[in-house]
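Visitor: Hi, could you walk me through this one? I'd like to start with the overall picture and then look at some details.

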Amino acid sequence: MLSCRRPSGRPFAARFFPLLPVLLLLLLLLLATAAGSVSGGSGVLYTPVDGVTPLDFRQLRAAVYDPGRQRHWLLQVYHASCGHCIAYSGAFKKLASELWPWRYTLRIGVIDVAKQRNARAMRHFGLSGVPSLLYVAPNCSWASGFSAALPRDTSELPERLLDLMEPFVPQLRPLQPGETADCDFILEEPRPGVLSRGLILEALHVRSLRWRASVDSAPAVRLSRVAADGSSAPAGSASDAASLRRLIGLKQPTRPTPTGDTAPSSPKAPRPPTRADLKSALIRALVSDVALAGPGRPRVWRAARDVARLAAPLLPAAGRLAAAMPESLPAALAGEASAAIWQHLLAESGFPEKPPDNWVACAGSRPYFRGYPCGLWQLFHSLTALRLKTGDAVAQPVAPVMRAFIVNCFSCSHCGRNFAPRIGRPASRANAGPPGAAVAVAAAQPCEPPPGRPAV
């Protein structure tokens, strides 16, 4: 009989079971670490598990603007500490999961401008706020940037994207009355044919499909099989993608499962502001947000100068910066050099190159909660209380400075629109559009599809 024993020594079980608690503890630690990384506990809103491609600015040119590419890109530019970006991430992850079957034609990328190395993305695309959604066509060049700014309403995005991709993918164009097509199946659906066109994109690499606008308004999509001689015969109908896939013979896609939600796991009790948090908020406001907004814009310049003057008693570097900033915008700050000159001015005044991110009273239950927005809010409240306590009626009022900074410099475009006055909206947000629209200050050069481009 075989025995689970060595020729000498204790049985295997007797040697293994004393180690079992240690092994279980290690396993639990590994699982906790994995859960934290997937749920966004590291402060990252998006991971590849969500069906998106996180991009750094230095990767952008090679990944998105490769001259030999045939793929389209949907880019979201966001800020990890922006409350509206965090709230929007759940809907965007759901959208990415729904568009996953289109991945052979459409890629979805996300760029976090909270990282200093990505701040140039705002200036490159001419954006004044986040979150912003951009569509990049296959023929867009690095200089042209993007083809269209898109609304943030995820219910409208699939149809809008299909319309934008149609000139590049001839199969997405509807068959005209009497037109025949060399394909496997024809789908008949009322305009705009979102379901049919989505299936065409999904099946491009395995099936040849076309669609035709039906004359009736029935929600079901009628399917016809096309024979070798061009004749067609009914093959069924369905009103959902899963049923149509079965009729066509398409494999059901395995969609990515979005990472955990962004709801606070354990809300922290409010704490009074700390001097460290106020300094961190001020540094991030002037080092990061002003750089994102573009210090070469007169309104941004004035807002940054006024905040530096107001906060001079709190941080000596702010006083030195305010003294170094002339009333009028220097001509040298215009154009691409503005960010470099601004960084040099900050460094000369004693500001760190990278803003601190170690919060005390403003620490959230997860790394992307509270933080900078909390610190900025507490900064303005503290300055208001300080002005009232000292009775300094000559000092500059805090409220106009706060509003001007949030409207012109704060990275969250939704907050900027809320604080903007109804009359005399600043020029930097004149193109912001209605709530829910992507914010683009400088319109990108159009990226027109070249004539005669072959099917993707």
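Guide: Residues 24 or more positions apart account for 71% of the chain's contacts with a separation of 6 or more, where contact means heavy atoms within 4.5 Å. This is a predicted model: local features need pLDDT of at least 70, side-chain atom pairs count only at pLDDT 80 or more, and totals for chains, interfaces and linings use all residues. Residues are numbered from 1 along each chain as its sequence is written, and side-chain values use heavy atoms, with hydrogens and water left out.

Visitor: OK. How many helices and strands does the chain have?

Guide: There are 15 helices and 9 strands. These are DSSP runs numbered from the N terminus (helices H or I, at least four residues; strands E, at least two).

Visitor: And what share of the residues counts as buried?

Guide: 45% of the 456 residues. Buried is under 20% relative accessible area, exposed over 50%, and partly exposed in between (1.4 Å probe, protein chains only).

Visitor: Which residues have the most contacts inside the largest nonpolar core?

Guide: Leu-60, Phe-92, Phe-125, Leu-286, Trp-342 and Phe-351, in a core of 115 residues. A nonpolar core here is a set of buried Ala, Val, Leu, Ile, Met, Phe, Trp, Tyr and Cys residues joined through side-chain atoms within 4.5 Å. Helix H9 (residues 275-293) gives the most to this core, with 11 residues.

Visitor: What is Phe-351 in contact with?

Guide: Leaving aside neighbours within four places in sequence, the partners of Phe-351 include Ile-283, Leu-286, Val-287 and Leu-346.

Visitor: Back to H9. Is Ser-288 buried or exposed?

Guide: Ser-288, which lies in H9, counts as buried because its relative accessibility is 2%. Beyond neighbours within four places in sequence, Ser-288 is in contact with Gln-116, Ile-283 and Pro-355.

Visitor: What about Ser-382, where is that?

Guide: In helix H13 (residues 372-390). At 22% relative accessibility, Ser-382 counts as partly exposed. Not counting residues up to four places away in sequence, Ser-382 touches Pro-273 and Leu-278.

Visitor: New topic: at what angle do H10 and H14 cross?

Guide: Roughly 140°, with the axes of H10 (residues 298-310) and H14 (residues 398-408) coming within 9 Å. Axes are lines fitted to C-alpha atoms, for helices over the stretch in contact, and angles run from 0 to 180 degrees between N-to-C directions. That makes H10 oblique to H14; under 35 degrees counts as roughly parallel, over 145 as roughly antiparallel, 65 to 115 as roughly perpendicular and the rest as oblique.
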